[in-house]
Amino acid sequence: MEFEASRAKAVDKLNYFVENNLSEYSKLRNFDFGPNNRSNISCLSPYITHGVINELEVINKSLKKFSFVKNEKFIQEVLWRTYWKGWLELRPNVWSDYLKELNNLRNEFKGNQNYLNAIEGKTELECFNQWVNELKENNYLHNHTRMWFASIWIFTLGLPWQLGAELFLQHLYDGDAASNTLGWRWVAGIQTQGKHYLASEWNIKKFTNNRFQNIKLNENALPKVSEKSYPLIKREFINPQNIEDENLLIFENNISFEITDFKENKFEKIYIVSNKNENRSIKLSEKLVKFKSLLMEDQKQRLKDKSIDCEVIDISEIKNIENYYSLYPTVGENLDYLNSNNLKMNFLYRDLDQLAWQYCNKGFFNFKIYIPKIISKFN
Ligand SMILES: Cc1cc2nc3c(=O)[nH]c(=O)nc-3n(C[C@H](O)[C@H](O)[C@H](O)COP(=O)(O)OP(=O)(O)OC[C@H]3O[C@@H](n4cnc5c(N)ncnc54)[C@H](O)[C@@H]3O)c2cc1C
């Protein structure tokens, strides 16, 4: 499987999926038929994560093909991402605590053979080893497999979830602070306290079409416990009233200016901000760094084709730029850099996030109630 780093390819993938495979999505989405057969899911996450295409574009296209009722499951999945983002925005300490815990655990597990076997795909579990290789080779794993992987990591191999989440962020093309951290916390049983996800042999066999045999798992483990609780931090995501002709910074989560809510505004120049590994707490694999850089080059070319002045810069160069707005980078490595370097800026928030994030104060079941309202606002 291949993820080509261009908006044109992303749009092709979206169109193809909607035309040919969306109709069976809710029936088949849980099957992982292997990396050479991914037609039952969209594989759009590497593009959505980078804002190459966005949630509304995907949802609108699906609604042109089928009714809301027929599409409900797909739309819910697309908006899970928006929900996780909003949930983390209201509790940003979950991310900063995660990074602190990770730092301590890295030292503790540096020479741990169990850990080294896991990250090298040399455990006694054939399926797990294959998934480690798949993660590194394809930079993608099916959602169900991510759940099994995380569950095996935590409950069968007995490793800390924080280190597994790091491995994912190092390699996944769709690696995202919110979906990943909260996905791992959810499997461990600390996101919804006391409710964990336990992978089982029959479930893996069934949903991989019996591709794996003899899967010896700990199927009786108890959920992990965390003493930390994260009360909601009330935040408002308000845009400036008049957006003047200034410069604009875009980060790696919004690499398609043409589809943003600010596409009609005039900006003097657009700076596409890249962030090197030396500034990141979690060091990305070479392939992932390349993928991001190609997406940025593709964006630059598209803007140039429209005669919009633009440049790719390193995040450390922001301090040399004056008079700018920036599309909000969301909780994660880029925002951490801005905060730790005391770079105060005027953020521009997406309309979708402004609306949806106010419903992220409770669980997803509560958020789901607002989905029709969210959709109707943008249709
Ligand atoms: C432990 C764990 C870690 C994860 N880490 C990430 C991550 O770093 N980045 C990431 O984008 N997703 C993450 N996910 C969510 C999910 O696995 C991927 O979004 C999905 O597999 C992407 O494949 P797809 O595009 O074919 O999804 P589809 O099934 O086609 O869904 C369409 C879109 O909906 C969104 N989506 C679907 N399922 C979820 C979900 N459970 N949570 C959030 N969004 C979802 C994605 O944007 C996806 O592209 C994680 C899940 C788990 C269990």
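Me: In which loop is Thr260 found?
Reply: This is a predicted model: local features need pLDDT of at least 70, side-chain atom pairs count only at pLDDT 80 or more, and totals for chains, interfaces and linings use all residues. Residues are numbered from 1 along each chain as its sequence is written. Helices (H or I, at least four residues) and strands (E, at least two) are DSSP runs, numbered from the N terminus. In these terms, Thr260 sits in the loop between strand 1 and strand 2.

Me: Which class does Thr260 fall in, buried, exposed or partly exposed?
Reply: A residue is buried if 20 or more other C-beta atoms lie within 10 Å of its own, exposed if 12 or fewer, and partly exposed in between, with C-beta atoms placed from the backbone. Thr260 has 18 other C-beta atoms within 10 Å, so it counts as partly exposed.

Me: With which residues is Thr260 in contact, leaving aside its neighbours within four places in sequence?
Reply: Two residues are in contact if their C-beta atoms, placed from the backbone, lie within 7 Å. With neighbours within four places in sequence left aside, the contacts of Thr260 are Asn254 and Leu327.

Me: Is Phe267 buried or exposed?
Reply: Phe267 is in the loop between strand 1 and strand 2 (270–274). Beyond four places in sequence, Phe267 is in contact with Asp245, Glu246, Asn247 and Leu248. Because 21 other C-beta atoms lie within 10 Å, Phe267 is buried.

Me: Which residues touch the most other members of the largest nonpolar core?
Reply: A nonpolar core is a set of buried Ala, Val, Leu, Ile, Met, Phe, Trp, Tyr and Cys residues joined through C-beta atoms within 7 Å. One of the residues touching the most other members is Ile272, which, beyond four places in sequence, is in contact with Ile250, Ile255, Met296, Gln299, Lys300, Cys310 and Val312. The largest core has 96 residues, and those that touch the most other members are Leu88, Phe149, Ile152, Ile154, Ile250, Ile270 and Ile272.

Me: What is the phi of Asn209?
Reply: Most residues other than glycine have a negative phi. Asn209 is in the loop between helix 12 (201–207) and strand 1 (247–250), and it is exposed because it has 12 C-beta neighbours inside 10 Å. Its phi is positive, near 55°.

Me: What is the phi of Asn323?
Reply: Asn323 lies in the loop between strand 3 (310–314) and strand 4 (324–327). It has 10 other C-beta atoms within 10 Å, so it is exposed. Although Asn323 is not a glycine, its phi is positive, at about 50°.

Me: Into which domains is the chain divided?
Reply: The bounds come from an automatic or database domain assignment. The centres of domain 1 and domain 2, taken over C-alpha atoms, are 23 Å apart. The chain is divided into domain 1 (7–89 + 356–378), domain 2 (93–207) and domain 3 (247–348).

Me: Which element gives the most to the side of domain 1 that touches domain 2?
Reply: In this interface, 14 residues of domain 1 are in contact with 16 residues of domain 2. On the domain 1 side, helix 3 and helix 5 are the elements that give two or more residues. With 5 residues, the element that gives the most is helix 5.

Me: On which residue is the kink in helix 5 centred?
Reply: The bend at a residue is the angle between axes fitted to the seven residues ending there and the seven starting there. The buried residues of helix 5 include Asn71, Phe74 and Val78. The kink is about 40°, and it is centred on Phe74.

Me: Which residues around the ligand come nearest?
Reply: A residue is near a molecule or strand if its C-beta atom, placed from the backbone, lies within 6 Å of it. The classes are nonpolar (Ala, Val, Leu, Ile, Met, Phe, Trp, Tyr, Cys and Pro), charged (Asp, Glu, Lys and Arg) and polar (the others, Gly among them). The shell has 13 nonpolar, 9 polar and 6 charged residues. Of the 28 residues around the ligand, those that come nearest are Ser42, Ser45, Asn143, Asn180 and Gly183.
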